[in-house]
Amino acid sequence: ALSWAALLGGATHRLASAQDASPGRLVVVFLRGAYDGLSAFVPHADPNYTQLRRATAIPAPDGTAQTALKLDNTFALHPALAPLLPLWQQGVLAFVPASGLPGAVRSHFEAQHYWEIGQPGKNSAGNGWLNTLAGGSTPRALGVGEANPEILRGAAPVKLVARGQAATRTGVLANDRARQALMDLYAGSDTLGGAFQQGADSRMDTARTLEQATMMAASEMQAADNGAGNVAGLRLDVRHLATLMRQDRSLRVGFLSAGGWDTHANQGGVSGTLANNLGNLAQALVALRAEFTQPGDVIAVVSEFGRTAAENG
């Protein structure tokens, strides 16, 4: 099985201090469900590839839209990833094939857990490595989409934003009486009360920021909302993450995730389920790259593992 990382930006990443004039920023995009690296980055020069994949192989590059896009004499891009080709040509896109955990793991949940805490083989709870990287006593990490991703759990406070349009809504917190009732409920505990106050303030502030951005780009936002599934959702989450990290430069670490990569059946080849997912991912990455172009900025795309080289049922 294969996992991969696509890196966009500087060759190295340094999480600088808040006082640094030109800090690098890191955005991690997690493809949950194990994406097929051999279809995304096609080993077109390997004769075993087409022998092992009679139905799902991506044809070797011949310059047409129904074949892979040549990167070098060994690898080519899935045609659905065509929006990323200019980034490769500019020298800001790289991929790492045949990388992964030191031991074979067939459980998505175990593999994701190991990867998020950065400790292969440890089944007990642990701090997320992005939380450790961010550090500090004020939020320097932003997670968009998941309620409480393990990769961001830990002692350092983080800013968490709901997925999609829910990020622009304040919910019950917008009601003064309801908010005060919740504050009274936690008043007996300094720890819980402080945590709730911090979370409530963050939610209100985030919703206001994103609502203003939405009003300024209403027509563009509506176009993203019309799509269904992971693609439109990821692109909207990208917009929210970029907006919040642009307005708050103390946020140096960002986290996004997208599901739907567990393509056990009907994966397809040049077209199909995986091709649709890759096309949506490419658009989201191009949008991310447009926002994170400063020296030291890095976008890393990862998955817990990949598909087997040989096709199965």
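Val29 has Val301 in strand 10 as its bridge partner. That pair belongs to a parallel pairing, in which 6 bridges join strand 2 to strand 10. The model is predicted. The protein has 10 helices and 10 strands, and buried residues make up 46% of its 313 residues.

**Parallel strands**

- Strand 2 (26-31) also pairs with strand 9, in the parallel sense and over 6 bridges.
- Within that pairing, Leu31 has Ala258 of strand 9 as its bridge partner.
- Strand 9 pairs with strand 7 as well, again in the parallel sense, over 3 bridges.
- There, Gly143 has Phe255 of strand 9 as its bridge partner.

- Strand 10 (residues 298-303) has 6 of its 6 residues buried, so the rest of the structure largely encloses it.
- One face of strand 10 carries Val298, Ala300 and Val302, the other Ile299, Val301 and Ser303, and all are buried.
- Strand 9 is mostly covered too, with 6 of its 6 residues buried.
- Val253, Phe255 and Ser257 lie on one side of strand 9, with Gly254, Leu256 and Ala258 on the other; both faces are covered.

**Nonpolar cores**

- The largest nonpolar core has 40 residues.
- Val27, Val29, Leu241, Leu256 and Leu288 have the most contacts inside it.
- Elements giving two or more residues to this core include strand 2, strand 6 (93-95), strand 7 (141-145), strand 9 (253-258) and strand 10.
- Helix 3, helix 9 and helix 10 (273-291) are also among these elements.
- Helix 10 gives the largest share of this core, 8 residues.
- A second, separate core has 12 residues, including Ala134, Ala141, Val253 and Phe255.
- Beyond its neighbours within four places in sequence, Leu241 contacts Val27, Leu142, Val144, Gly254, Phe255, Leu256, Leu288 and Phe292.

**Helix 4**

- Helix 4 (residues 108-117) has 7 of its 10 residues buried, so it is largely enclosed by the rest of the structure.
- The buried residues of helix 4 are His108, Ala111, Gln112, His113, Tyr114, Glu116 and Ile117.
- Their cover includes strand 2 and helix 5 (129-134).
- At the start of helix 4, a side-chain oxygen of Ser107 comes to within 3.3 Å of the backbone nitrogen of Phe109.
- Gly118 follows helix 4 and has a positive phi, near 70°.

- An open sheet of 3 strands has the order 3-5-4, and its pairing is antiparallel.
- Strand 3 (41-42) and strand 4 (69-70) are the edge strands, each pairing on one side only.
- Strand 3 pairs with strand 5 (residues 76-77) over 2 bridges, in the antiparallel sense.
- Val42 has Ala76 of strand 5 as its bridge partner.

**His78**

- His78 sits in the loop between strand 5 and helix 3 (85-90).
- Its relative accessible area is 0%, under the 20% cut-off, so His78 counts as buried.
- A polar atom of the His78 side chain lies 2.8 Å from the backbone oxygen of Gly269.
- Leaving aside neighbours within four places in sequence, His78 contacts Ser39, Ala40, Val42, Ile58, Leu69, Gly269, Val270, Ala275 and Leu278.

**Arg246**

- Arg246 lies in helix 9 (residues 230-247).
- Arg246 is partly exposed, with a relative accessible area of 42%.
- The C-alpha atoms of Arg246 and Glu291 are separated by 8.2 Å, although these residues are 45 residues apart along the chain.

**Whole-protein totals**

- Among contacts in the protein with a separation of 6 or more, 67% come from residues 24 or more positions apart.
- The accessible surface of the protein comes to about 15000 Å².
- Carbon and sulfur atoms account for 53% of that surface.

Notes: Residues numbered from 1 in each chain as written. Predicted model: local features only at pLDDT ≥ 70, side-chain atom pairs only at ≥ 80, totals over all residues. Heavy atoms only, no water. Pairing = 2+ DSSP bridges. Helix = DSSP H or I, 4+ residues; strand = E, 2+ residues; numbered from the N terminus. Buried < 20%, exposed > 50% of the residue type's maximum accessible area, 1.4 Å probe, protein only. Polar contact = N/O pair within 3.5 Å; in protein donor to acceptor, adjacent residues only side chain to side chain. Contact = heavy atoms within 4.5 Å. Core = buried A, V, L, I, M, F, W, Y, C linked by side-chain atoms within 4.5 Å. Areas by Shrake-Rupley, 256 points an atom, 1.4 Å probe, with all protein chains shown as cover.
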